[in-house]
Amino acid sequence: MKTIESFLVDHTVLTAGIYLSRVDGDAVTYDLRLKRPNAEKVLDNAPIHTIEHLFATYVRNSKYSESIIYFGPMGCRTGFYFIVRDNMSHETVVSLVKEAFDFIAAYDGEIPGVSAKECGNYLDHDLDGAKREAAIYADAIKDLTAADIYYKA
Ligand code: ZN
């Protein structure tokens, strides 16, 4: 089998950021990298899960909801995939990601979708951990612009 494109990215030089991963028709995939691969402690599952619920809730309630295709964690636990339609500019996506992580870092209240009926593992959540990780990431990307989203070849 051939090596898929994302394995060709040199993970030893990556830092926290927002990266343009691939474009498939009108579906644009961004890698939201929270942790330096193989260099920093990865995210625990419970905060990942809570970030997933809160990020998805935030962006699907934003004015861009019609353009949101998918948000979910990377199996390596260093970040998330965010897939949107190409009617959103890179600038808009970068702003929305910043807003969403600021929202999570400041979130107080009940985690959306946390019941046995709505979630596949509703006991595995950590709001404090999610807020802590979101604050670290929000700080890491606060000065990032659409010019910074390209993987170096
Ligand atoms: Zn869930």
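Helices (H or I, at least four residues) and strands (E, at least two) are DSSP runs here, numbered from the N terminus. By that rule the protein has three helices and four strands. This is a predicted model, in which local features need pLDDT of at least 70, side-chain atom pairs count only at pLDDT 80 or more, and totals for chains, interfaces and linings use all residues. Residues are numbered from 1 along each chain as its sequence is written, and side-chain values use heavy atoms, with hydrogens and water left out.

**Overall fold**

- The order of elements along the sequence is β-β-α-β-β-α-α.
- The radius of gyration is 15 Å, which agrees with the value near 15 Å for a compact globule of 153 residues. This radius is taken over C-alpha atoms, and the globule rule is 2.2 Å times the number of residues to the power 0.38.
- The C-alpha trace spans about 40 × 35 × 35 Å along the principal axes.
- Of contacts between residues at least 6 apart in sequence, 65% join residues at least 24 apart. Contact means heavy atoms within 4.5 Å.

**Surface and charge**

- Buried residues account for 42% of the 153 residues. Buried means under 20% relative accessible area, exposed means over 50%, and partly exposed lies in between (1.4 Å probe, protein chains only).
- The accessible surface is about 8600 Å², and 51% of it belongs to carbon and sulfur atoms. Areas come from the Shrake-Rupley method with a 1.4 Å probe; for residues, only the protein chains shown count as cover.
- There are 16 positive and 23 negative side chains, with the centres of the two sets 3 Å apart. Lys and Arg count as positive and Asp and Glu as negative, while His and the chain ends are not counted. Each charge is placed at NZ of Lys, CZ of Arg, CG of Asp or CD of Glu.

**Zinc site**

- His-49 (NE2), His-53 (NE2) and Cys-119 (SG) coordinate the zinc ion at 2.1 to 2.3 Å.
- Along the chain the donors follow the spacing H-x3-H-x65-C.
- His-53 sits in helix α1 (residues 45-60) and Cys-119 in the loop between α2 (90-105) and α3 (127-140), so this pair ties together parts that are 66 residues apart in sequence.
- His-53 and Cys-119 are both buried.
- Donors are N, O and S atoms within 2.8 Å of the metal (3.2 Å for Na, K and Ca); water is not among the atoms, so sites may look incomplete.

**Leu-96**

- Leu-96 belongs to helix α2 and is buried, at 1% relative accessible area.
- Beyond its neighbours within four places in sequence, Leu-96 contacts Tyr-58, Val-59, Ser-62, Tyr-64, Ile-68, Phe-82 and Met-88.
- Leu-96 and Val-59 are 37 residues apart in sequence, yet 7.5 Å apart in space, C-alpha to C-alpha.

**Loop between β3 and β4**

- Cys-76 lies in the loop between β3 (68-73) and β4 (79-85). Its relative accessible area of 42% makes Cys-76 partly exposed.
- Not counting residues up to four places away in sequence, Cys-76 touches Arg-33 and Val-42.
- Cys-76 and Leu-43 are 33 residues apart in sequence and 8.9 Å apart in space, C-alpha to C-alpha.
- Arg-77 is also in the loop between β3 and β4. Arg-77 is not a glycine, but has a positive phi of about 60 degrees. Arg-77 is partly exposed, at 33% relative accessible area.

**Loop between β2 and α1**

- Asn-38 is located in the loop between β2 (27-33) and α1.
- Asn-38 has a positive phi of about 60 degrees, although it is not a glycine.
- Asn-38 counts as exposed, at 75% relative accessibility.
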